[in-house]
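Please read it alongside the sequence and the coordinates.

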Amino acid sequence: MTQGNYWKVIGQRLTYIQEGTKGPVIYDFFDPNCPYCHGMYDEEQPLIRAGKLTVRYVPVAYLMPSSTPEAAAILQSPHRLSALRHFEALAGKSFAAPLTTAGPVGLPRSKPTAQTLHALRVNMAVLQSTHSMGVPAILYRHKNGSTGLLPGMVSRGELLTLLPNLS
């Protein structure tokens, strides 16, 4: 499979929430219970608002038992982007308190449907195919068509440096 086809297949297989419509597209894999993922979300927001970046947030659920029902609350919402924004606003407050084995207290949860569980499994399989098991993980496409991966927390400055090289 060529790099261009790989990028197309990824876009068709993943279940994501898109924020932004201008600038290059990146895929941000996140787990609802990952404090670094929430930090990454905050770093991306000014670039999205400035029209420099489009982010497709790809939920995965593996860090804690509460990850699946929290991801389900976002994915099963009729307004996914609003649900993600609401979740992120609450998560910032929740992660200030100590975590329990059930994850942050007070975050929205839903009983996942079979379709949601399948979507989360596919998202996780794509993340595993990148040979990265950590989150956040940013998947992007270079102007030359090759695919790149940035594992872990990335600063806004690092994203700005990367932007001119993305398609």
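Of the 167 residues in the protein chain, 46% are buried (under 20% relative accessible area with a 1.4 Å probe and protein chains only; exposed is over 50%, partly exposed in between). This is a predicted model, in which local features need pLDDT of at least 70 and side-chain atom pairs count only at pLDDT 80 or more, while totals for chains, interfaces and linings use all residues. Residues are numbered from 1 along each chain as its sequence is written, and side-chain values use heavy atoms, with hydrogens and water left out.

**Overall fold**
- The protein chain has six helices and five strands, taken as DSSP runs numbered from the N terminus (helices H or I, at least four residues; strands E, at least two).
- Their order along the sequence is α-β-β-α-β-α-α-α-β-β-α.
- Among contacts (heavy atoms within 4.5 Å) with a separation of 6 or more, 73% are between residues 24 or more positions apart.

**Helix H2**
- H2 covers residues 35-49, and its 15 residues reach 22 Å from first C-alpha to last, close to the 21 Å expected (1.5 Å times one less than the number of residues).
- At Glu43, H2 bends by about 25 degrees, and Pro46 follows within four residues; the bend is the angle between axes fitted to the seven residues ending there and the seven starting there.
- Buried residues of H2 include Cys37, Met40, Tyr41, Glu44 and Ile48.

**Helix H5 and its contact with H3**
- H5 has 16 residues and reaches 22 Å from its first C-alpha to its last, close to the 22 Å expected.
- Thr116, Ala119, Leu120, Val122, Asn123, Met124, Val126 and Leu127 are the buried residues of H5.
- The axes of H3 (residues 67-75) and H5 (residues 114-129) come within 10 Å and cross at roughly 110 degrees; axes are lines fitted to C-alpha atoms over the stretch in contact, with angles from 0 to 180 degrees between N-to-C directions.
- H3 and H5 are therefore roughly perpendicular (65 to 115 degrees).
- Thr68, Ala71, Ala72 and Leu75 in H3 meet Thr116, Leu117 and Leu120 in H5.
- By class, this contact of H3 with H5 has five nonpolar, two polar and no charged residues.

**Loop between H5 and S4**
- His131 lies in the loop between H5 and S4.
- His131 is not a glycine, yet its phi is positive, about 70 degrees.
- His131 is exposed, with a relative accessible area of 77%.

How values were computed. Angles under 35 degrees count as roughly parallel, over 145 as roughly antiparallel, 65 to 115 as roughly perpendicular and the rest as oblique. Ala, Val, Leu, Ile, Met, Phe, Trp, Tyr, Cys and Pro count as nonpolar, Asp, Glu, Lys and Arg as charged, and the others, Gly among them, as polar.
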